[in-house]
Each structure stands twice: as C-alpha cells, then as structure tokens.
Amino acid sequence: MISDITSPSSAAEAPSPSPVLSVVVPVYGVEAWLPEFLDSLLDQTFEDWEAVIVIDGSPDDCETIARGFAARDPRIAVHVFENGGLGRARNRGLELANGEYVIFPDSDDILAPECFARLMEAAGRSGSDIVTAPATDFFEDGAERRYWAHTTDLFDEERSGVTLASEPRLILDHTAWNKVFRRELLVANGLEYPVDTLCEDVAHSTRAYSLARGVDVVPSTIYRHRRREGAITQQVIRGRIMGDWLTQTEHTLGFVRSLEHDAVLNAYLQRLFNVEMWTRLQRFTEFEDAGERTRFEDLLRGAVAQIVERHVPVQLHKLTAARRFLDGTLKAAWDGLGLESCPLAPDTASETAIDDAARGVLALDRADAELHRMGAGIIQSRILNSAALDPALLGTAAHEALARLAAAGWGPRDLNSYGAWLWRAWSTQDPALAALVAAARDRGTRVRVDHVSGMGEELALSGSFMFSVGPAVAAGGSIMLGYRAGDTTESRVPAIVWQVGGEWRWRARLGVAPDTAVSQVKLRFEHPELGGFYVPIGAVRDEGPVHVRGASRRATLRLEIADGLRIVPLDSAPVTREAADHVRRPQVLVLPYWRTNPFLNIVYLDATLLGADVLTALNMRDAVRRAPALGAGDVLHVHWPRPIVDAAPTEEEAWENIDTMARLIDEVKARGTRVLWTVHNVLSHDANYFEAEVAVHRMLAEKADAIHVMSPDTVAIVAEHYAIDPAKVVRIPHPSYEGLYGPRVPAEQARSALGAPADDLAVLHLGHLRPYKGLWTLAEAVNQLNVDASAPCTLMLAGGVNDDNRADLTRLVDDVPGAVAQLGRVSDADLALWFSAADVTVLPYEAVLNSGSLHLAASYRVPVILPDIPHLVREFGDEPWVRFYDRAEGASSLAHVLADPGLKAIEDSDFDAFLEARRPLTVSGQFSELLGLADQAAHGTAAGGSR
C-alpha cells in the first residue's frame with residue numbers, strides 16, 4: 001500500500017506538473033544524517049526539480065523529518081512503503097517520478113549547491129541520456145578525498161556525447177548517486193534496480209551506460225559521499241552483502257561479456273579485480289560462509305585467467321596475491337593461524353591486527369621472491385603505517401612485532417625507503433621520526449622556497465620546512481636538493497639545514513647558471529643505510545617574477561609548482577656595468593670559498609637571504625677573473641691567504657701573487673669596493689714560503705678596510721709578525737654549529753656503532769690531524785691513565801690526514817691499546833656518532849689562534865680540555881665546561897685533568913649561554929652588518945631579499 005503525503009500548498013505555490021528533474025531519495029535508518037541531506041537539497045541553485053522521498057519502512061524518525069521539510073517546500077513529496085530494500089525503493093520512486101531526467105542520491109550524503117545546475121546545464125546543451133560528474137568521499141574523522149571510481153582523468157575535462165564504446169572507462173563509474181539519467185532511457189528499456197539485494201548499483205549503471213546514445217562528463221565535484229561505520233559499502237564480506245555481491249557480479253560479468261567489446265570487457269575486468277575482488281581477497285581468512293568463499297574463489301579464478309589471457313593491466317602485487325591464494329599457498333600459510341584479521345587487509349589501528357600481520361609474515365617463505373615482496377608490503381602497510389595512526393597505543397605493538405620479524409631475518413633493507421625509515425622509527429621507539437616520515441608523505445605543502453639568488457656563476461635557493469626535520473638529522477640522515485637542469489638527468493647537491501625559533505630552514509646551491517631552466521626541484525632525505533625519499537617543494541613565498549644576478553649573467557625567473565619546483569627563465573642577458581647599475585644587488589667576492597666548509601656557509605647564510613650575490617673564488621685565477629665585476633657597495637672578503645702564497649708552485653710565483661693581489665685590492669677599492677679580511681690563523685700552519693707568508697699577512701693588514709677577528713687577543717698575538725690597526729678591528733665570535741649536523745644519539749648506541757667500550761672514559765680528538773695539534777701528548781696521557789686499571793680510558797681519534805703524516809699517525813694509534821681511530825675525513829652524517837660517544841674532547845694544541853673543533857664540541861655539549869695557552873685561558877677560562885692542563889707538565893698534567901671526577905658533573909645547561917651568543921644565524925647576521933648588507937637591505941637595494 002502506498003501512502004502519499006504532501007505538504008499543503010496554494011495553487012500559486014504548487015510545483016510545476018512537469019519538472020525537468022526528479023530526485024528519487026530512498027530513506028532507511030538515517031535520521032542522524034537526513035536533515036543535512038535535505039538542507040543540501042533545498043540549497044540547490046537549480047530550482048526546476050521535484051523530490052520523491054521514499055520512506056522504505058524506516059524504523060526511526062525519518063518520516064517525521066521528511067514531513068517537516070515537505071511542509072517547507074512544495075517540491076518535496078513523501079511516500080511511505082513497507083521495507084523492500086534499496087533497489088525496490090528506487091524503482092518505486094522512478095514509478096512516481098515526472099521529470100525528464102532523474103537522479104538517485106543517497107539520503108545520508110550531501111549535494112553540492114551547484115550539483116543539479118551543473119548536471120542539467122550539460123544535459124540541456126547536449127540532450128545526452130546520462131550526465132555524470134565526480135564525487136568525494138568524506139569520513140568521520142574529517143578527511144575527504146576523491147571517490148575511488150572517479151580518480152581517472154576521465155573526469156578531468158568536459159566530455160559530451162561519448163558512449164561506452166568510445167569511452168570504455170565509463171564502466172568504472174558504477175554508482176547511482178552522481179549522475180542524472182533521462183527517465184525515458186530507464187522506462188523504455190525496463191531498466192530497474194535489482195531487488196532483494198544489497199548490491200544494486202553496479203549492474204544497473206553498467207546496463208544504462210551500454211544503452212545510452214550519449215553521455216556527458218562534467219569535471220566538477222558535485223557530490224559528497226559519506227563513509228561511515230555500518231554503511232553497506234563498509235561491510236563487504238559480512239552477512240548478506242557477500243552473497244548478494246557474488247550474484248550481482250556473476251550476472252554483470254556475464255552481461256559485459258555478452259557485449260562482445262574487448263575494450264569494455266578489459267576495463268570492467270580491471271575495475272572488478274583491482275577494487276571489488278581485491279577488497280574481498282584482502283579478507284579471505286575472515287569469510288563467514290565457506291560456500292561463499294568457494295564461490296568467490298571460482299569467480300576470482302575465472303577473472304584472473306581472463307586477465308592473464310587478455311593482458312589486462314592490473315596491479316602486480318594484487319595479481320601475485322590472487323595467484324598465491326588460488327594455488328593454495330596463502331591458504332596453507334594462514335588458515336590455521338586463528339587470525340582475527342587477514343594479513344592482506346588494509347591499515348587497521350589495533351594491537352591485534354599488528355600481531356596478526358606479523359604472524360602472517362612469519363608464516364611466509366622468505367626464500368620465495370614473490371612471498372618476500374608480499375611480506376615486505378604487509379610489514380609496511382599493516383605494521384608500520386598502522387602504528388602511525390595511533391603511536392601512543394600502537395607504537396609498542398609495532399616495536400614488539402618488528403623485534404620478532406628481525407629475529408627471523410627481516411629488516412629495513414627488505415622495504416622501500418619510506419618503510420625503511422619507519423622501521424628505524426618503530427624499532428627504536430622513536431615516534432618523532434615516524435611523524436616526520438608521515439609529514440613528508442603528506443600531500444599538503446611541506447617545503448617552501450623563500451628566496452632565490454645568484455651565488456657566483458650559480459643559482460642559490462633557500463626556504464622553510466613545514467615540519468620538524470630534527471628527527472631525520474638525529475637518525476644520521478642528510479638532506480640533498482635534487483633537480484633537473486634542462487633535459488639532463490637528475491643532479492643532487494647538499495642542502496644546509498638549521499633551526500631558528502622552532503622553524504627549520506634550508507639552503508642549497510645549484511650547479512647551474514641563473515638563466516638555466518630547472519625542473520623537478522625537490523628535497524631528498526638520505527640515509528646511508530635506510531635509503532632516501534623525496535619531499536617536493538610545494539609553495540613559494542612570493543609570487544611574481546624574480547630578478548637574479550650572477551657573476552656574469554642576470555635573469556628574470558618565474559617559479560612554478562609542478563611535480564616539485566620549476567624555474568622558468570623569462571629573459572636573461574650578460575651582466576654589464578649598465579645592467580649592474582640598473583639592478584643593483586650587493587656582491588661579495590670570497591677568497592677562498594669551499595662549499596664543504598661549514599664556517600663559510602654560516603658566514604654568508606644571512607647575506608644570501610638578504611639578496612646578496614656571493615661570488616666564489618678557489619684560487620688566484622678565479623679572484624683575478626671575478627674582481628672586475630665588483631663596484632661601489634660590494635665587498636672583497638679574504639679569509640685564509642693560502643691561495644695567494646702556499647698554493648703557488650714556487651716561491652717566486654708566491655711573491656708575484658702577492659703583488660697581483662695588492663694591485664687587485666687597490667683597483668676594487670678605487671671603484672668603491674670595501675675589503676674585509678678575516679684572521680683565522682697567525683700564519684698558515686704549514687707555510688711553504690715563510691717570508692712570503694708574513695708578507696701577505698702584512699699586506700692584507702695594511703690594505704683591508706676592516707679586519708674581522710674571533711679571538712679578542714688577536715692583535716697582540718700576531719704582533720710578532722705583523723701589525724693590525726686596532727681601529728680596523730671588528731670582533732665577531734666563531735659561530736656554533738647547532739642545527740647543521742645530526743643531533744646527539746644515545747652514548748651506548750654511538751659507542752656500539754664505533755666499536756668503543758661502553759664504560760671507558762671516551763676521549764675524543766676530531767679534526768684535521770696535524771703535527772701542531774699535540775696528538776703525541778694526548779696519546780701519552782691516555783696511556784698513563786690506562787696504567788691505572790681503575791680509570792680505563794679509550795682514545796678516539798678521527799679526521800683527515802696528509803700523506804706526509806699518515807705513517808706517524810698510524811704508529812701513534814698502534815701505540816695506544818684499544819684506540820678507536822678513523823684516519824680520514826669524518827662525514828657530516830657521522831659527526832654526531834663521534835661526539836655522542838665522547839665524554840670529553842681534548843684539543844692539545846701547541847699553537848692556535850681560533851678553534852672550530854672547540855665550537856663543534858660545544859655544539860654537542862661535550863666538555864673540552866685545552867692547553868693553558870694564555871689567550872685561550874682569557875677567552876674560555878670562565879666557561880664551566882672548559883678545563884686546562886699545564887703545558888709545562890704535558891701529558892702528566894693532561895692525564896690528571898682527565899681523571900678529575902668533576903668532568904662528569906658538567907651539565908648540558910652549562911653550555912647554554914655560550915651557544916646562545918653564537919647561534920649560526922645570529923653570527924651570520926653580524927657578518928651581514930659588517931659587510932654593510934643589512935643597511936642596504938633596509939634601504940631596498942638588496943632586491944628580493946626577504947628574510
């Protein structure tokens with residue numbers, strides 16, 4: 001019996017007897033969501049519609065809700081029936097419909113305001129039988145994404161008048177609720193929804209598309225499909241749903257075969273296998289009915305045979321799983337385990353599911369290559385990804401599961417790079433590292449470019465991270481910048497990362513000229529054991545053209561986001577004096593500049609952010625070639641004079657270089673360029689030509705406009721060899737290295753990695769290993785301590801070695817029992833290991849002016865022991881983490897200081913004040929002021945230099 005309930009209305013308010021669109025809405029058990037749906041119905045911008053609300057015996061208050069909306073709008077009619085199921089409800093609604101077109105939305109979903117307007121506008125233009133458009137799924141946790149059947153590029157552009165034969169991908173679009181049908185198409189062909197089944201839409205849509213004379217595709221998202229627990233689509237193997245799906249799929253597959261259209265059959269098989277069959281195969285151990293499992297197995301066997309025979313492109317890992325299920329391998333491995341959830345099932349946030357996944361993997365034969373790959377996939381999806389869903393609840397379960405897997409031979413190298421990093425995270429119970437990987441994989445903006453500038457002949461980029469990269473650095477990872485210049489293969493360059501006020505920033509120098517087209521610019525997280533993964537650049541701070549000037553060319557660039565960052569040159573030209581005057585960016589010519597030198601990278605970090613062009617010179621030839629580009633407001637900054645003197649093949653050429661450098665300085669000063677000299681050492685430690693070495697220092701002291709010193713006693717210390725005018729002196733302290741290298745790791749972990757004893761006093765000397773550094777004194781002191789068995793001590797020696805000294809240093813290491821040594825450069829990734837393993841750093845210099853090693857040790861909060869050189873005592877004597885030994889007593893005094901129990905009382909907080917005053921960006925900013933760049937930026941001359 002049918003009961004029609006309509007709201008009372010005047011004749012003037014009565015709806016059109018023949019609306020263009022009928023909206024058939026079956027309603028059952030959705031009182032919590034029905035008002036939201038009906039609100040979206042009334043919000044439609046297209047008004048020529050009628051709504052046929054079919055109350056399908058709903059046991060809740062849906063009828064009352066629907067009546068309330070019908071009372072508000074005469075276009076809504078409510079019809080009440082005994083429960084007959086979704087298919088019968090739609091058919092009843094179709095019988096009551098009057099519109100030229102009909103749509104079948106679900107009553108717990110939401111219509112976009114332009115839904116009807118978009119669909120009917122297309123229908124009005126073309127007269128097609130069906131008009132369809134994409135939808136999104138939205139979830140209870142707030143997530144939203146494109147509905148799976150609408151993710152192909154079929155929905156990326158407008159299409160008109162296509163057919164199933166001309167566009168076989170239409171068969172993927174199986175849902176009833178995202179499309180309008182010409183009512184006559186359905187009525188004339190007797191096309192009704194299957195009844196007495198919970199899987200009614202696939203067969204109906206397939207037949208409708210096969211009959212349609214024309215189909216339009218509208219590339220606008222017009223529908224939001226609610227994903228909720230209890231919905232039919234969430235219960236794929238439960239109750240009647242599995243049996244109904246099997247019946248409808250058998251019928252539909254037979255119908256599609258009867259069309260005798262190869263492309264349509266292939267498209268259907270592809271969808272059927274990749275989605276519908278796969279979601280059920282993923283839960284084959286959970287089937288409630290043995291007969292249904294047998295039917296599913298038969299259906300799957302037939303589909304796989306056709307897929308293989310017809311070469312249908314399906315996902316390989318799914319096809320492998322299907323074949324190994326059908327040949328009995330997976331059934332034999334898992335059916336007897338008593339699993340609550342199938343190991344193939346998607347991410348499930350429960351401890352039991354993680355345990356089931358681990359048990360499933362352990363039951364696989366790792367020697368079988370296919371099963372090995374399957375096991376790796378299960379580890380990644382069911383254990384690692386699941387733990388990330390709720391680290392507090394599931395982190396321990398993942399840790400325990402990985403321990404069992406590791407004992408059976410599984411490890412991070414079995415996985416892809418994301419998986420390997422997650423294995424490290426959960427096996428070491430480091431949720432912060434897992435959160436980093438999750439953030440890196442997120443589709444949102446994770447990395448931004450803040451500044452583009454020229455740096456010598458090359459392009460430099462700097463930017464910000466939208467997440468903390470500290471855990472990656474702590475794990476021993478490094479960060480690279482990958483890019484493609486023109487049509488070349490990918491290049492990678494190191495990126496410097498540092499932290500300012502909780503924000504992580506990065507900077508990298510590309511090996512391309514400023515006017516080079518560059519694409520696919522992405523940051524890459526690398527680890528020597530775990531591999532690497534990319535994090536695309538997703539945003540730029542400032543839109544619009546960017547003006548960049550290098551040493552010899554200038555360019556105007558456009559920055560685009562497309563698979564990472566793309567840099568598109570709009571125009572370019574050689575740098576001339578006229579061009580330099582027109583676009584004036586301050587330049588700093590640096591002699592020498594080594595990219596791998598962290599001190600230099602820190603010094604010019606802020607200058608680059610301010611928009612300065614840093615021109616680099618490795619030798620005198622570079623300096624002579626690039627100096628003519630300097631003019632008023634620019635800076636020539638000389639650091640170590642080694643390229644001038646020591647690098648000369650003969651003493652005569654060294655003197656010629658001094659004369660050349662003096663003339664060059666005079667020339668650039670005459671053009672208004674300032675000359676700055678940083679005094680790193682009194683003289684070069686291994687001077688080849690002593691008199692020329694003294695002469696070049698005297699020349700620089702005389703001609704420099706400003707002289708940068710780090711030690712407050714520099715003027716007095718160097719006076720024996722050359723005079724420095726105190727009026728020229730500017731003191732900027734040596735920077736710390738906080739944030740530039742990996743953070744500390746647990747001492748026991750570091751010592752285990754380096755092969756150092758767990759309980760000995762670990763005494764570290766790290767840096768370039770050279771004779772003037774007093775290493776024999778250190779070795780003797782360690783040996784003295786080891787004579788007393790109550791104070792065992794391990795010498796840790798690491799750093800680059802000149803060939804002339806290698807034999808002596810090898811003997812030194814051999815003479816210290818148990819020494820841990822690396823006579824070669826320590827990689828940036830390994831620095832954290834050495835300092836994390838150390839209890840104390842000893843720097844037994846025989847002569848020194850400044851010490852980068854001291855500042856590196858302080859950055860890792862490792863106490864330092866120094867010789868009692870007077871200026872070192874004056875500079876560092878008040879630091880609670882520095883101790884001194886008596887040089888006159890040598891090794892015996894050093895051994896005494898090493899044995900002092902007070903060393904272990906030094907706390908991390910004792911380093912705070914020292915490091916705060918020497919933060920890298922703080923020191924770099926002080927250099928910008930010294931270079932005169934801060935003032936220029938304030939007056940707008942450093943173009944593009946936002947900070």
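This is a predicted model: local features need pLDDT of at least 70, side-chain atom pairs count only at pLDDT 80 or more; totals for chains, interfaces and linings use all residues.
Hi everyone, let's start with the cores. The largest nonpolar core has 134 residues, and Trp334, Phe465 and Phe525 touch the most other members. Which helix gives this core its largest share? That is helix 8, residues 262-281, which supplies 10 residues. Leaving out neighbours within four places in sequence, Trp334 is in contact with residues including Phe284, Leu339, Pro343, Leu364, Met374 and Ile378. Apart from this core lies another one, of 91 residues, and Leu764, Leu795, Val801 and Leu843 are among them.

Let's stay with helix 8 for a moment, as Glu276 is found there. Is Glu276 buried or exposed? Glu276 counts as buried, because its relative accessible area is 8%, and the cut-off for buried is under 20%. What does its side chain meet? The side chains of Glu276 and Arg271 are joined by a polar contact of 2.8 Å. Not counting residues up to four places away in sequence, Glu276 touches Arg271 as well as Val202, Trp245 and Thr249.

Next comes helix 9, which covers residues 290-310. Helix 9 has 21 residues and reaches 30 Å from its first C-alpha to its last, close to the 30 Å expected at 1.5 Å a residue. After helix 9 comes His311, whose phi is positive, near 55 degrees. The buried residues of helix 9 include Phe296, Leu299, Leu300, Ala303, Val304 and Ile307. Here is a handy idea for reading such a list: an α-helix has 3.6 residues a turn, so residues three or four places apart point the same way.

How many strands form it? There are 6 strands in an open sheet, with parallel pairing and the order 33-32-31-34-35-36. Strand 33 (820-823) and strand 36 (882-885) are the edge strands, each pairing on one side only. From one strand to the next, the twist averages 25 degrees. Strand 34, residues 840-842, is joined to strand 35, residues 864-867, by 2 bridges, and Thr841 stands opposite Val864 in strand 35.

Finally, two helices that lie across these strands. Helix 26 (residues 775-787) lies across strands 31, 32, 34 and 36, at about 160 degrees to strand 32. Helix 31 (residues 891-898) lies across strands 31, 34, 35 and 36, at about 150 degrees to strand 36.

Terms used:
Residues are numbered from 1 along each chain as its sequence is written. Side-chain values use heavy atoms; hydrogens and water are left out. A nonpolar core is a set of buried Ala, Val, Leu, Ile, Met, Phe, Trp, Tyr and Cys residues joined through side-chain atoms within 4.5 Å. Buried means under 20% relative accessible area, exposed over 50%, partly exposed in between (1.4 Å probe, protein chains only). Helices (H or I, at least four residues) and strands (E, at least two) are DSSP runs, numbered from the N terminus. Contact means heavy atoms within 4.5 Å. Two strands pair if DSSP finds at least two bridges between them. Axes are lines fitted to C-alpha atoms, for helices over the stretch in contact, and angles run from 0 to 180 degrees between N-to-C directions. The expected span of a helix is 1.5 Å times one less than its number of residues. A polar contact is a pair of N or O atoms within 3.5 Å; within protein, one must be able to donate a hydrogen and the other to accept it, and residues adjacent in sequence count only if both atoms are side-chain atoms.
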